Amino acid sequence: MMARTISHLRANIRFKGDSFLPPLQNPLSSSRFSPHATLLASLLHSISFSNNGDRPQSRYQKVTNLDHAFNLFDEMTQRRPLPSVVHFAQLLNAVAKMKHFSSCLDLFKQMCLIGAPVNEYCISIAIKCCCQMSRTNDGFALLASCFRRAVVPNVFIFNTLLDGLVVENRIAEAERLFKKLIKQKICEPNAVTYSTMIKGLCKFGNNDIAIGLLRLMDERGCKPNTVVYNTIIDSLCKAKMIEDAFKLFNEMVFAKSIQPDVITYTSLIHGLCNLCRWDEVSKLLKEMVEDVRISPDIQTFNILVDAFCKEGRVDEAEAVIDIIVERGEVPNIVTYNSLIDGCCLRGEMTKARSLFDSLTSKGLVPNVVTYNSLLNGYCKSLKIEEAMHLFHEITRKGLKPCIVTYSTMLQGLFRVGRCGAARKFFDEMRAQGLIPNECTYGIILDGLCNNHQVEEALSLFHLVGDSKLNSNIVVYTILIEGASKCGKLDIARDLFQDLTLKGLQPNVRTYTVMVSGLCGEGLLKEAKHLFRKMDESGCPPNSVTYNVLLQGYLKKQNYDDVEMLLQEMDGRRYSLDASTLSMLIDEIAAGSVDRSMLKLIGKLVPKEMMDTTAVPR
DNA sequence: GTAGGGTTAG
């Protein structure tokens, strides 16, 4: 199925070739084209890639580095009369585009000081800089300065501020601002205002309200566009609500006649990849390549590279990279980060390392994500010294370790039992001003439990108290597993009961861990009771749960329910894992389990195990 | 001359 994806991409190359190029021939030996014709062809080619009819840039827009910008600014401020406000705005914008937000603000302040003309364009750029630096409050202060300068803030300014609030996760304030604009008729929201607000709603999982806002904008006479639809479609895809995403996609294309673009398709392909629905991925890719307007780009390809890597198909990911190159596109650091991560996932550290070392020769600079993947690979292969060495390289290369970097190191250190070193890393992380998140917290609790420090884990858990960190089902599952593995089943039970009180829904893993704990203490009746509760609670047991319960029965030499469980597994198309299978075979050999069950057991052996395990027939 | 959407890591 994945191979089909590749063949569609290859077909695309041929498709493009067939449509636009003459039959293949050696251009040097060709008599069909005169040198002029070739020149003309290359000119035509360059025209199609240039900025379709854009005006030439002014010297203020062309600045390429900060020194140049400051020199030009100094020169401008000395001229009399002062240059026009348009030129100042162009320079400010060029500096902002280079992401030198703080310098851009300095220039803006200097303009104000020397009495240079400042209008809504300049203020809008300055506000954008504040927001990009997560200083939206400073942006609002600049809004106040609009009123002092008798500049009427326009929809660009409000949209930028709204986006700043969304970026800072200040969703309630964003909603208040949005409503205020409408109610007080301060400024009529346009499609950008709506799409920004919709993005904020989606960010917090309010897809339904986002769709409501999409309807509202239509009613208020603001026509939804591709960006608005893309924002919601992407959010639905990320929430694995792919059917709803396609519903919206169909509405957009067929009912509203809004053209989808490469971003629409990329979001849908990403959503399908996450659900391993490869056939549909191929279908969409085919649709994309057949429509010349929406040909896949580097981000689309990167999603495919990443999907192949996550499936462990590094070879096919490399084939996609070949296609990227054949199409004349350039693989970037994201492409290689996925590939390196894929190698690490398979424990192929030599290959991961050599890919990492080859980045420079490709003109690519490793970023903190590159390092995190490699660190994770070393930690998972228990090569902690190599991980430590790499960790120190991060700062030497002028990069900053982030919360993921530290979490990865903590996990690695706990895994090799170096709890003291883990503690030091944790303190260093805090000293760097990094706040542990749910994942870091889970890693620490898990690490403590696995290093016989369940008491420590529990006291940390109680110390943290009622918070977002402790309202997480993963955290509970870790503690329940830790407590029951250490024979503290009472604590595990209490934690499990807490879930209902907190309104948290146990997942399959939580149930399985609890069933396993009960089995470990020989409490088969209670384990079976909980097991039966799973279906009722809408969380049916999976293959692992069945294997855990079966092992519990076999260990206790309780064979009454074994056949029934095996039959249920068959009905649900589940399979036996290697250790349950080996226990069953031992029991049959010993005569405790009836040989008549062999046929059923044979059906429950996964195909890939058939080659390696001899199952008596 | 100013604003909004898609990719990688624990």
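Contact here means that heavy atoms lie within 4.5 Å. The structure is a predicted model in which 61 residues surround DNA strand B. Under that definition, Thr193 is in contact with Val155, Asn159, Leu162, Phe178 and Leu181, leaving aside its neighbours within four places in sequence.

**Surface near DNA strand B**

- Among the residues that surround DNA strand B, the closest are Asn159, Asn230, Asn302, Asn337 and Asn372.
- Sugar or phosphate accounts for 42% of the atoms of DNA strand B within 4 Å of the protein, and bases account for the rest.
- On the base side, a polar side-chain atom of Asn372 lies 2.6 Å from a base nitrogen of DNA strand B.
- On the phosphate side, an N or O atom in the side chain of Lys199 is 3.3 Å from a phosphate oxygen of DNA strand B.

- Thr193 is found in helix α10 (residues 191-203).
- Thr193 counts as buried because its relative accessibility is 1%, and buried means under 20%.
- The side chains of Thr193 and Asn159 are joined by a polar contact of 2.7 Å; Asn159 is also one of the residues closest to DNA strand B.

**Nonpolar core**

- The largest nonpolar core holds 190 residues, of which Ile233, Ile269, Leu374, Leu566 and Leu576 touch the most other members.
- Leu374 touches Ile340, Cys344, Met349, Ala352, Arg353, Phe356 and Leu390, not counting residues up to four places away in sequence.
- In soluble globular proteins, nonpolar side chains tend to be buried together.

**Helix α22**

- Helix α22 (residues 403-415) has 13 residues, which at 1.5 Å a residue should span 18 Å; the end C-alpha atoms are 18 Å apart, so the two values agree.
- The helix is mostly covered, with 10 of its 13 residues buried.
- The buried residues of α22 include Ile403, Tyr406, Met409, Leu410, Leu413 and Phe414.
- Among the elements that cover the buried residues of α22 are α20 (368-380), α21 (384-396), α23 (419-431) and α24 (438-450).
- Gly417, which follows α22, has a positive phi, near 80 degrees.

Methods
Residues are numbered from 1 along each chain as its sequence is written. Chains are lettered from A and ligands numbered from 1 in the order in which they are written. This is a predicted model: local features need pLDDT of at least 70, side-chain atom pairs count only at pLDDT 80 or more; totals for chains, interfaces and linings use all residues. Side-chain values use heavy atoms; hydrogens and water are left out. A residue is near a molecule or strand if one of its heavy atoms lies within 4 Å of it. A polar contact is a pair of N or O atoms within 3.5 Å; within protein, one must be able to donate a hydrogen and the other to accept it, and residues adjacent in sequence count only if both atoms are side-chain atoms. A nonpolar core is a set of buried Ala, Val, Leu, Ile, Met, Phe, Trp, Tyr and Cys residues joined through side-chain atoms within 4.5 Å. Buried means under 20% relative accessible area, exposed over 50%, partly exposed in between (1.4 Å probe, protein chains only). Helices (H or I, at least four residues) and strands (E, at least two) are DSSP runs, numbered from the N terminus. The expected span of a helix is 1.5 Å times one less than its number of residues.
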